[in-house]
Amino acid sequence: MGSTPQQRRGNTRQRIQDVALELFAEQGYEKTSLREIAERLEVTKAALYYHFKTKEDILVSIFEDLNRPVEELLAWGREQPRTLETKKEILVRYSAALAAAAPLFRFMQENQAAVRDLSIGKTVKERVMGLVDLFMEPDASLADQVRCSTALFTLHAGMFTIKDLEGDPEEKRKAVLEVAFELVTRAHGVESAG
C-alpha cells in the first residue's frame with residue numbers, strides 16, 4: 001500500500017514547514033532565504049516553489065496549521081457562559097495549543113518586528129484580543145480585568161520564562177496553568193484553594 005500523491009505532497013509540505021521554521025528560529029526570518037530552505041531539504045528551488053512561492057507563504061501556512069486550535073477555541077468560547085469553569089477550560093485548551101505550537105510562538109517572540117510587518121501579525125493580535133475578550137467582564141473592577149487578561153498572558157510568559165528551568169515540561173506547564181487559574185479565580189472573587 002503506497003501513499004497517494006496527495007499524501008506525498010502533504011508530507012513534503014510539512015517537511016518544508018518544519019525546516020523553514022527551524023531555519024527561521026536559528027537565523028531569523030529576514031536572514032533565511034528560500035535557497036537555504038531548499039538546500040537544507042536537499043531539493044531544488046523549483047521543487048520548493050511548487051509548494052510555496054515565498055517565505056511569507058511558508059510562514060502563513062505554518063501559522064494557519066498550528067493556530068487552528070486557537071481559532072476553534074475562540075469559536076467554542078464565544079458559545080459558552082462566562083463562568084469561572086469556562087475560563088479555566090479556555091486556559092487549559094489554550095495552554096495545550098501553545099504547547100503544540102511552541103516552535104512557532106518562540107519564533108514569533110524572537111522575530112516580533114518581522115511578524116508585525118507580515119500579514120499574520122494583524123491576525124495574531126486579533127486572535128489574542130479575541131481570547132482576552134472571552135475573559136473580560138465589563139462590570140469587573142480594573143484590578144480584576146487585569147487579573148483576567150494577565151491569566152492568558154501568564155501562559156505566554158510561561159513558555160519563555162520556564163523553558164530553561166530544570167524539570168519535566170508537563171510539570172512546568174501545569175505550574176504555569178496553576179498560576180493562571182489563581183489569577184482568574186481571584187478575579188471571580190473566589191479564594192483559590194492552595
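L91 touches F135, A151, L152, L155, L177, A180, F181 and V184, not counting residues up to four places away in sequence. Contact here means heavy atoms within 4.5 Å. L91 also belongs to the largest nonpolar core, where I37, L91, Y94, F107 and L131 have the most contacts. That core has 54 residues. Helix α4 gives the most to this core, with eight residues. A nonpolar core is a set of buried Ala, Val, Leu, Ile, Met, Phe, Trp, Tyr and Cys residues joined through side-chain atoms within 4.5 Å. Buried stands for under 20% relative accessible area, exposed for over 50%, and partly exposed for values in between (1.4 Å probe, protein chains only).

The model is predicted: local features need pLDDT of at least 70, side-chain atom pairs count only at pLDDT 80 or more, and totals for chains, interfaces and linings use all residues. Residues are numbered from 1 along each chain as its sequence is written, and side-chain values use heavy atoms, with hydrogens and water left out.

The secondary structure of the chain comes to 10 helices and zero strands. From the N terminus on, the elements run α-α-α-α-α-α-α-α-α-α. Helices (H or I, at least four residues) and strands (E, at least two) are DSSP runs, numbered from the N terminus. The C-alpha trace spans about 60 × 40 × 35 Å along its principal axes. Of the 194 residues, 39% count as buried. Among contacts between residues at least 6 apart in sequence, 68% join residues at least 24 apart.

Axes are lines fitted to C-alpha atoms, for helices over the stretch in contact, and angles run from 0 to 180 degrees between N-to-C directions. Angles under 35 degrees count as roughly parallel, over 145 as roughly antiparallel, 65 to 115 as roughly perpendicular and the rest as oblique. For residue classes, Ala, Val, Leu, Ile, Met, Phe, Trp, Tyr, Cys and Pro count as nonpolar, Asp, Glu, Lys and Arg as charged, and the others, Gly among them, as polar.

The axes of α4 and α5 come within 8 Å and cross at roughly 170°. α4 is therefore roughly antiparallel to α5. On the α4 side, the contact is made by L66, P69, V70, L73, W76 and G77. On the α5 side, T86, E89, I90, R93, Y94, A97 and A100 take part. These residues divide into nine nonpolar, two polar and two charged.

Helices α5 and α8 pack at about 155°, with their axes 10 Å apart. This angle makes α5 roughly antiparallel to α8. Their crossing is left-handed, a term for a near helix turned anticlockwise from the far one by less than a right angle, with right-handed for clockwise. K87, I90, L91 and Y94 in α5 meet V128, L131, L134 and F135 in α8. By class, the contact has seven nonpolar, no polar and one charged residues.

Helix α4 (residues 55-78) also packs against α6 (residues 102-110), at an angle of about 130° and with the axes 10 Å apart. The two are therefore oblique to each other. The crossing of α4 and α6 is left-handed. L59, I62, F63, L66 and N67 in α4 meet L104, F105, F107 and M108 in α6. This contact has eight nonpolar, one polar and no charged residues.

In helix α8 (residues 119-135), the buried residues are I120, G121, V124, R127, V128, G130, L131, V132, L134 and F135. They pack against α4, α5, α6, α7 (112-117), α9 (142-161) and α10 (169-187). Helix α5 (residues 84-100) holds S95. S95 counts as buried, at 5% relative accessibility. Leaving aside neighbours within four places in sequence, S95 is in contact with L155, R173 and L177.

S33 is placed in the loop between α1 (5-27) and α2. At 24% relative accessibility, S33 counts as partly exposed. E42 lies in the loop between α2 (34-41) and α3. E42 has a positive phi of about 60° although it is not a glycine. Most residues other than glycine have a negative phi. E42 counts as exposed, at 73% relative accessibility. Helix α3 (residues 45-51) contains Y50. Y50 is exposed, with a relative accessible area of 55%. Y50 and R13 are 37 residues apart along the chain, and their C-alpha atoms are separated by 9.7 Å.
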